Structure formats: C-alpha cells, structure tokens
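Here is a short report on how one protein chain packs. Have the sequence and the 3D view open while you read.

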Amino acid sequence: MISPLGNDINNRNLSFASSDKQEKKLDYSHDTLLKNNFVTRTRIGFDKFTNALTIYPAKGITGNKNSNFYEFLTMGTIPYLVGSGMLMGVFNLANKYFSHFDKSKADVVGKKLALGVVFYGLAKNISKSFITTPVKHITGVDTELPYAKVVNELPDSVDDTDVVSIEYHKVFESIEFPRWDLLYGDDSKGEVRNQYYDKIAKKLGLGEDLNDSDQDVKPLIREIVVKSNMAKTISSYLWAATAVGFAMQKPWEGFMDKATLKFWKKEKFKQTCSSFGTAAKESAKLFFNGEGHGIKKHGGKIMLGLSALATVLGVANVMNYSKKPDGLDASNVIIQSEKYEVC
C-alpha cells in the first residue's frame, strides 16, 4: 500500500533514531513491490517530477555526495519538457513580429506544431501499453512492474543518523540483474515461495507443480523482457509519428482558433471539449482517406498500417519464446550403454 505523497514527497531525505520512527516517516521501510496501476504510476510520476525540480538539482549544485545516477536520469525529464515547450513556441511567440498575412499563415503552422508535440508525447507513451498489456495477459509477465527502493545514504554531518531516500525502479529494469527476490512469496505471511513463478510456468506451458519453477522460467522471462523492450521501442516511435500526422490535418485549424484552456469560462470551455471530439473525428477520416494522389493520398493509411503491423509483429515475436528451459536433460549427457561411478 502506498502512503499519501503529500506527507513527505518533497522531503525524501529523512533522519530518525529508531525503527518505530522510521515506519512513521517513510512510505517504505524496505524495498517494496508495487502494483502497476494508474494510481501508482501517477504518484510515482508526480514524485519523480517534483524531486527533479527541487531536491535533485539542489543536491547536484551543492556537490552532495549522495547525488547518484538515478537522480541524474530523473532530472532528464525537465529538459525534455522544456525543449517541447520551446518547440511549441517557435512560431507562436514570434507571430507578433510578422505582417498580418504572414502572421495568419504562421499561426496555423504554429498551433498545429504545438498540437503535434502534445500528440507525439502522448502517443509515444500510451502506445507502449499496446505491447505490455497483451504480453502480460498471455504470459503473465508484467515487464513494467515497479518497486520502491530504500537507499541508505551517507550522512551529511555528524548529527545525521540513518539518512535514507526512496527511489522508484522497475523489477526488470536490468536484464542482467532483475530483482528476482521481490517476486518470491513471503513465508511469514503463509505465501507459497514460488507462487509467482508457478503462475508464469503455467502460463508459458511448462506445466504445474514443478520442483524449481523459478529456475525454469527465469530464462524465459528474460527473453520476454528483451523482446518486449525492442518491440516497444520500434512501435512507440511509429505511433508517435502517426500521431503527428494526425495533428497536421486541416479540421484542427478550426478547433484551435476557438479552443480555450480557461476552464473557469464554463460555456466556452464546454464548447471546446465538444468541438475537440468533432475535430478529432474529422481529422481521423481525412488522415485515413487522404487527399490528392499517390503517396500523399495513401500516406495516412501507410503510416497507420506500419504502426499496427509493428505492434502485432512485436507481440508475436515476444510470444515466440523458447518452450524448453535452458539446461540439459539427463538423456543429453548420460549414455545408457556406459557404466558410471558415483563419487
């Protein structure tokens, strides 16, 4: 269970003198497997984003010895968002310097470009679920399974004791060193130790009641994770490109001219929401049917088809895993006609 983030989301570096105090101040007292759902992903994203704006830059600027590679990577989301904003403003912020005619032309391009940037980011992230969801349903392996990691940091002063911070990682983040330990059942809670691996073994067709189901399925899980990651990389960029093409359609021009984000203007904002659906529907038709001749007319179909094909082939490739676990049977190494001595 996740504690409310508001309690300590902007103060992950905590000091405490006893284990009881630790339980009160920290969301987690040890590395904890999390549920992969919308609420968890939202909280993790908010936590990482706020830390990337506040705590992590401060630690880096001051040369804090606890600043690490995780924090460096997390801060990478900030220049990504800033760059997206700058790209959206390339045309729109310079419009006032253009002539009236040029301003009208640049305004159309600028608004479509801004919409394209938004659709690109949304499609690139959402489309990854087109791979992970069917893979999880068919194999039982959630390649995006998150967990909270408790990091014991070095004290900044002699008065600091038990300084810790929380990092969010994924179980299969490292192919070489997955966090297999988090997937075993807790004996103290009456759970079967290999319950997760038993479930995966059954899903993968290896059978039930295996002696060492964890050893049997670990190589297959690695294979599934590697193939899923490749499929997500290829298909997500194709879907992102498709989303940009969708954003460039003419029906969006009328929508952008009248749209507003000022939700306090209820009637106009309500009209914006209503016209968004209409513009999206008309843009989808135009994108699919196309205009003109040749590649221009069929470009939308081709882009959409490539994206869908990459997704289907990606999932199919993941499903083409080795049914037989790594290792050799006794029949592969023992010659029945020979005699052996057990030492």
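Helix H6 (residues 100-126) packs against helix H10 (residues 251-258) at an angle of about 95°. The two axes lie 10 Å apart. H6 is therefore roughly perpendicular to H10, since angles of 65 to 115 degrees fall in that class. This is a predicted model.

From H6, the contact draws on Asp 107, Val 108, Lys 111, Lys 112, Leu 115 and Phe 119. From H10, the partners are Trp 252, Glu 253, Met 256 and Asp 257. By class, five of these residues are nonpolar and five are charged, with no polar ones.

The geometry of both pairs is set out below.

| Helix pair | Angle | Distance between axes |
|---|---|---|
| H6 and H10 | about 95° | 10 Å |

Is Ile 44 buried or exposed? Its relative accessibility is 13%, so Ile 44 counts as buried; the cut-off for buried is under 20%. Leaving aside residues up to four places away in sequence, Ile 44 touches Leu 34, Pro 146 and Tyr 168. Ile 44 and Ala 148 are 104 residues apart along the chain. Their C-alpha atoms are separated by 9.3 Å.

The strands come next. Strand E2 (residues 146-152) runs antiparallel to E3, and seven bridges join them. Strand E3 spans residues 164-170. Six of its seven residues are buried, so E3 is largely enclosed by the rest of the structure.

Finally, the whole chain. The protein has 343 residues, and 36% of them count as buried. Its secondary structure includes 13 helices and three strands. Among contacts with a separation of 6 or more, 65% join residues 24 or more positions apart. The accessible surface comes to about 21,300 Å². Carbon and sulfur atoms account for 61% of that surface.

Note on methods:
Residues are numbered from 1 along each chain as its sequence is written. This is a predicted model: local features need pLDDT of at least 70, side-chain atom pairs count only at pLDDT 80 or more; totals for chains, interfaces and linings use all residues. Side-chain values use heavy atoms; hydrogens and water are left out. Buried means under 20% relative accessible area, exposed over 50%, partly exposed in between (1.4 Å probe, protein chains only). Helices (H or I, at least four residues) and strands (E, at least two) are DSSP runs, numbered from the N terminus. Two strands pair if DSSP finds at least two bridges between them. Contact means heavy atoms within 4.5 Å. Accessible areas come from the Shrake-Rupley method with a 1.4 Å probe; for residues, only the protein chains shown count as cover. Axes are lines fitted to C-alpha atoms, for helices over the stretch in contact, and angles run from 0 to 180 degrees between N-to-C directions. Angles under 35 degrees count as roughly parallel, over 145 as roughly antiparallel, 65 to 115 as roughly perpendicular and the rest as oblique. Ala, Val, Leu, Ile, Met, Phe, Trp, Tyr, Cys and Pro count as nonpolar, Asp, Glu, Lys and Arg as charged, and the others, Gly among them, as polar.
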